[in-house]
Each structure stands twice: as structure tokens, then as C-alpha cells.
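Welcome, and please take a moment to look over the structure shown here. The notes that follow will walk you through a few of its features, topic by topic.

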Amino acid sequence: LTAAQCELGDLSGRHGLLTGLQSVDLDYMDENVPLFGRNAVLGRSVVVHNSATGARIACANIGFPWPVRSAVARFDGSLNGIVGTVTLMQSPFDEESDTTVVVDLSY
């Protein structure tokens, strides 16, 4: 089984099991797990399974590590059939912080 044959969220299939480790601090580059766009993982969760039994042993939501202020532009398809959203997000604590732009449009 290669990384390309694994489901999008199957991180252990793509990067290996954590079997036998008491703690872990690893870095991976994975262009198939985007934070934004149609297949975004933002707002989903990471589930840790026992490799021997398959039982779920931990779960955490994927989100921003701080509160965000957001604004959304919605496209309803009435002009040229474009539908979806453009979301802008920025830290409410720093007006000079970078703005994240998430585009989810189709036509």
C-alpha cells in the first residue's frame, strides 16, 4: 500500500504507525491534506486509533489556535452560475495580522 493509495485522512497509512512510542514530535509535508479549499481539513478532526484493535482512543478538532474574526461573501449562482463562498479570517487581537482567505467556488 503506497501513500497515494491511502484515503485522504489516513495519516498512519501515509506516514507510518506510532506503535510503541510514548511521545512523538514529528514533521511531515503532505500536500494532500489541505487546510483550505474543497477538500479542506479545517473544521474536521484527527482521530487516534489503537493499531492492534482499531478502537478510537483520542479525538481532537482541527481549528485555528486562536479566536478569529471572519467575514463571508456568498455567491448564489445568479450571475454566471458561480456558487460558493469566499471567507476572510483574521485575529481579532491584532489588526495588522495576516488575513486568511478561503475560496470555495464552483461553476
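Predicted model: local features only at pLDDT ≥ 70, side-chain atom pairs only at ≥ 80, totals over all residues.

- Asn-80 has a positive phi of about 65°, although it is not a glycine.
- As background, most residues other than glycine have a negative phi.
- Is Asn-80 buried or exposed? With a relative accessible area of 68%, Asn-80 is exposed, because the cut-off for that class is over 50%.

**The sheet**

- An open sheet is built from 3 strands in the order β3-β4-β5, with antiparallel pairing.
- β3 and β5 are the edge strands, and each of them pairs on one side only.
- On average, neighbouring strands of this sheet are turned by 10° against each other, if direction is ignored.
- In general, the strands of a sheet pair through backbone hydrogen bonds, either parallel or antiparallel.
- How many bridges join β4 to β5? These two strands run antiparallel and are joined by 7 bridges.
- To find a spot to look at, go to Thr-85, which stands opposite Asp-104 in β5.

**A nonpolar patch on the surface**

- Phe-75, Ile-82, Leu-88, Val-101, Val-103, Leu-105 and Tyr-107 form a nonpolar patch on the surface.
- Together, the residues of this patch have about 680 Å² of accessible area.
- Which strand gives the largest share of the nonpolar patch? Strand β5 (residues 100-106) does, with 3 residues.
- Leu-105, one of the patch residues, is found in strand β5.
- Leu-105 has a relative accessibility of 34% and therefore counts as partly exposed, since that class lies between the buried limit of under 20% and the exposed limit of over 50%.

**A pair of aromatic rings**

- For ring centres within 6.5 Å, the count comes to 1 aromatic pair.
- The partners are Phe-64 and Trp-66, whose ring centres are 5.6 Å apart.
- Phe-64 is partly exposed, with a relative accessible area of 27%.
- Trp-66 is also partly exposed, and its relative accessible area is 40%.

Note on methods:
Residues numbered from 1 in each chain as written. Heavy atoms only, no water. Phe/Tyr/Trp six-rings, centres within 6.5 Å; stacked < 30°, edge-to-face > 60°. Buried < 20%, exposed > 50% of the residue type's maximum accessible area, 1.4 Å probe, protein only. Patch = residues over 30% accessible without salt bridge, like charges linked within 9 Å, V, L, I, M, F, W, Y side chains within 5 Å. Areas by Shrake-Rupley, 256 points an atom, 1.4 Å probe, with all protein chains shown as cover. Salt bridge = Lys/Arg side-chain N within 4 Å of Asp/Glu carboxyl O. Helix = DSSP H or I, 4+ residues; strand = E, 2+ residues; numbered from the N terminus. Pairing = 2+ DSSP bridges. Axes fitted to C-alpha atoms, helices over the stretch in contact; angles between N-to-C directions.
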